[in-house]
Structures are given as C-alpha cells and as structure tokens.
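Hi,

Here's the model I promised to pass along.

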Amino acid sequence: MSDNDDVRNSTEHLGQDFASRLADLEDTATADELAAITALPAGSALLIVRRGPTVGARFLLDTDATVAGRHPDADIFLDDVTVSRRHAEITRDGKVFSIRDLDSLNGTYLEGSRTAGGPLQDGSEIQIGKYRMTFYPSRHDLPAGA
C-alpha cells in the first residue's frame, strides 16, 4: 500500500464519518429551538435556517401569506444573490401550510426536489438559494400521536 492509498483511505473514512455526523446535527433541533417550537401558538409555524449565510435564524410564520426573497421588504429577507427578489411564498389555510415558487430564477426545493409548490409537513426541508430551512408547525396542530 502506498502513501497515497493511506491518505485516500483515511480521507474517505473521515469524509463518510463527517457526513454522517453533519446529517445528525441537521436533523436535530437544539434545546433552545425545541423550546421555541413547543411554545408556538396554534395556527403558526417556525422556519429554522440549517445551512446558508444565517444558520440558526428563525422565522415565525403566523400570517396567511409570507413572501421569502432578496427584496428588503420581503417578509423573510434572504440576502444572497442566489435568491430572487420575490422567490417563494408560504401560505396558510387553517392549520395547513404550503410553499409556492414565485417563478424564481434558481427554483424552490422541497425535500431536495425542485418544486412549483406543495404542502409542508413537520420537519419538511425547504431550500431557497443557498438557504436550507426546516419547517416546524405548532405542536398544537399536529395529529394525535405524531
């Protein structure tokens, strides 16, 4: 085995281990985040930025329509060139939230797939430009046993 084989093997091992640990971190809310999610009133939800320029930022969804984009007047201001000025809209109909792409240049992704729109579930991953966010509805609005 050459020195290059040793480096490649250790790098592959570190890479796989690191990716696994990173995935675990992204799937887990901190105690502070869990407290915020638990405190949400019925009919509201929270988006938490998991990757991107503002990791850890939280956005309260408590209106019937919330626009995310790069425009300073957007309800959710995402300041990066990968985000369109009016990129996506999150709507609420009763206790049900959905996302809709607003003909953005780079698209809106739901669960890793580009989408024109769709319903949001507890733990849904949304990607807008460089921002990856996790959606958490109020615990009061989850079906019993969820």
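How many bridges join strand 3 to strand 4, and do they run parallel or antiparallel? Two bridges join them, and the strands run parallel. One of the bridges puts Gly 69 together with Phe 77 of strand 4.

Before the rest, some housekeeping. This is a predicted model, where local features need pLDDT of at least 70, side-chain atom pairs count only at pLDDT 80 or more, and totals for chains, interfaces and linings use all residues. Residues are numbered from 1 along each chain as its sequence is written, and side-chain values use heavy atoms, with hydrogens and water left out.

The chain has two helices and eleven strands (DSSP runs numbered from the N terminus: H or I of at least four residues for helices, E of at least two for strands).

Five of the strands make an open, mixed sheet in the order 4-3-5-6-9. Strand 4 (76-77) and strand 9 (117-119) are at the edges with a single partner strand each, so one side of each has no neighbour in the sheet. Pairing here means that DSSP finds at least two bridges between two strands.

Thr 91 is a handy landmark: Ala 65 is its bridge partner, and Ser 98 in strand 6 stands opposite Thr 91. The hairpin of strands 5 and 6 has two residues between the strands, and Gly 94 takes a positive phi near 70° there.

Cheers
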